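The following paragraphs lead through selected features of one structure. Please keep the sequence and the coordinates open while reading.

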Amino acid sequence: MKQPAFWSKENSWLGYFLSPLGWIYSLITRLRLLRGHPYQPSVPVICIGNINVGGTGKTPVTLALADLFFSAGKQVYFLNHGYKSKLQGILVDLRTHQGGQVSDEALLMATKGPTIVDRNRGRGVAKAESLGADIILMDDGFQNPSVIKTISFLVFDGQRGIGNGYCLPAGPLREPLGQGLKRADAVIIIGPDKTGLTAQIKSLAPDMPILKGHVEPTLALKGVHGIAFAGIGRPEKFFSMLEKEGVTLERKIAYPDHYVYKDEEVEALIKTGLPVFTTAKDAVKIPDRLKAHLTQVDIVFVFDNKKEWLRVLEEWL
């Protein structure tokens, strides 16, 4: 979904006008968190979540954390709720499962390690336990009360922060910052903090660990002309990164988040004869015969204050 411009404006009259609806949304979230009897896992469950809608960078963080645990000899399982997935309660098999059947995040994580798709987080955690997981990385689910998390990270995009600070539909938040921080064990800020988010967090939770990092491409791209397309939370972020790396983009095509591509759409871009760039998250949904003609730009999350990261995670590494 393309976010309304007023979500990023602090003094937007429209955000203020809609704020009572945001209070209602926040109350519903708080009540939902009080429901039910959460599943108590027997292995650590690490939640990588957010309070913003749209792309904050959870998936690159999840994959980077997995690498830390893999290097420590842990058997890591990913758990994804499978946004728009037709299949549920399954272990992803890249030989048979395709985009539309399971989510793009799940397909991408399955290239790294065993991945379970299940909206029922408790059932998904139990399945991972039965298959021998040492650590379960839960991509999203911060507002889901069905599992007791061992540690919860809140991920923020440093460029956007919390926008105008209102909850849906008045702003981009699922719940107020202060409410979310009460359940978080650490905050992750991706990229430079351009909105004063660090100060906001410290004013509400002075002892909250703030971990930092940035994303970067794995390809050398300088001097290339081409076309880029993406169907992620913030396509413009991908385009800007390419341009920063020295790519001249003749066209930028933004699709809705989690978009399932039609073959003819991709074929039309290939027929231009220009190099065609897309993200790894988009590429996993495209057939191999077409993917071979695309340049997949893998984006990796890089830890900035790594000693602080290791301090927070040392109990499980």
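Arg234 and Asp157 pair through their side chains in a salt bridge, with an N to O distance of 2.2 Å. The pair links distant parts of the chain, 77 residues apart: Arg234 is in the loop between β9 (225–230) and α7 (235–244), and Asp157 is in strand β6 (residues 151–157). The model is a predicted one. Arg234 has a relative accessibility of 7%, and because buried means under 20%, Arg234 counts as buried. Asp157, at 3%, is likewise counted as buried.

Arg234 has a further charged partner. Glu236 forms a salt bridge with Arg234, and the closest N and O atoms are 3.2 Å apart. Glu236 is partly exposed, its relative accessible area being 36%. Salt bridges with shared partners join Asp157, Arg160, Arg234, Glu236 and Lys237 into one network. Leaving aside residues up to four places away in sequence, Arg234 touches Gly55, Asp157, Gln159 and Arg160.

Side chains of opposite charge can pair when their charged atoms come close. How many salt bridges does the count come to? The count comes to 15. Among the salt bridges is one between the side chains of Asp118 and Arg123, at 2.7 Å from N to O. Asp118 has a relative accessibility of 1% and counts as buried, whereas Arg123, at 47%, counts as partly exposed.

Lys212 lies in strand β8, which spans residues 210–217. Is Lys212 buried or partly exposed? Lys212 has a relative accessible area of 32%, so Lys212 is partly exposed, given that this class covers values between the 20% limit for buried and the 50% limit for exposed. When residues up to four places away in sequence are not counted, Lys212 touches Ile189 and Thr198, as well as Phe301, Val302, Phe303, Asp304, Asn305 and Trp309. Pro176 is 36 residues from Lys212 along the chain, and the C-alpha atoms of these two residues are separated by 21 Å.

The surface also has a nonpolar patch, formed by Leu21, Ile24 and Ile28, with about 280 Å² of accessible area together. Ile28 is exposed, with a relative accessible area of 51%, because exposed means over 50%.

The backbone is the last topic. Most residues other than glycine have a negative phi, and most peptide bonds are trans. Where is the cis peptide bond that joins a residue to Pro169? The bond is between Leu168 and Pro169, and omega is about 0°. Pro169 has its place in the loop between β6 and α5 (177–181).

Phi of Asp140 is a positive value, near 80°, in a residue other than glycine. Asp140 is in the loop between β5 (135–139) and β6, and Asp140 is buried, with a relative accessible area of 12%. His258 also has a positive phi, near 65°, and is a residue other than glycine. His258 lies in the loop between β10 (248–254) and α8 (263–270). With a relative accessible area of 13%, His258 is buried.

Notes
Residues numbered from 1 in each chain as written. Predicted model: local features only at pLDDT ≥ 70, side-chain atom pairs only at ≥ 80, totals over all residues. Heavy atoms only, no water. Helix = DSSP H or I, 4+ residues; strand = E, 2+ residues; numbered from the N terminus. Buried < 20%, exposed > 50% of the residue type's maximum accessible area, 1.4 Å probe, protein only. Contact = heavy atoms within 4.5 Å. Salt bridge = Lys/Arg side-chain N within 4 Å of Asp/Glu carboxyl O. Patch = residues over 30% accessible without salt bridge, like charges linked within 9 Å, V, L, I, M, F, W, Y side chains within 5 Å. Areas by Shrake-Rupley, 256 points an atom, 1.4 Å probe, with all protein chains shown as cover.
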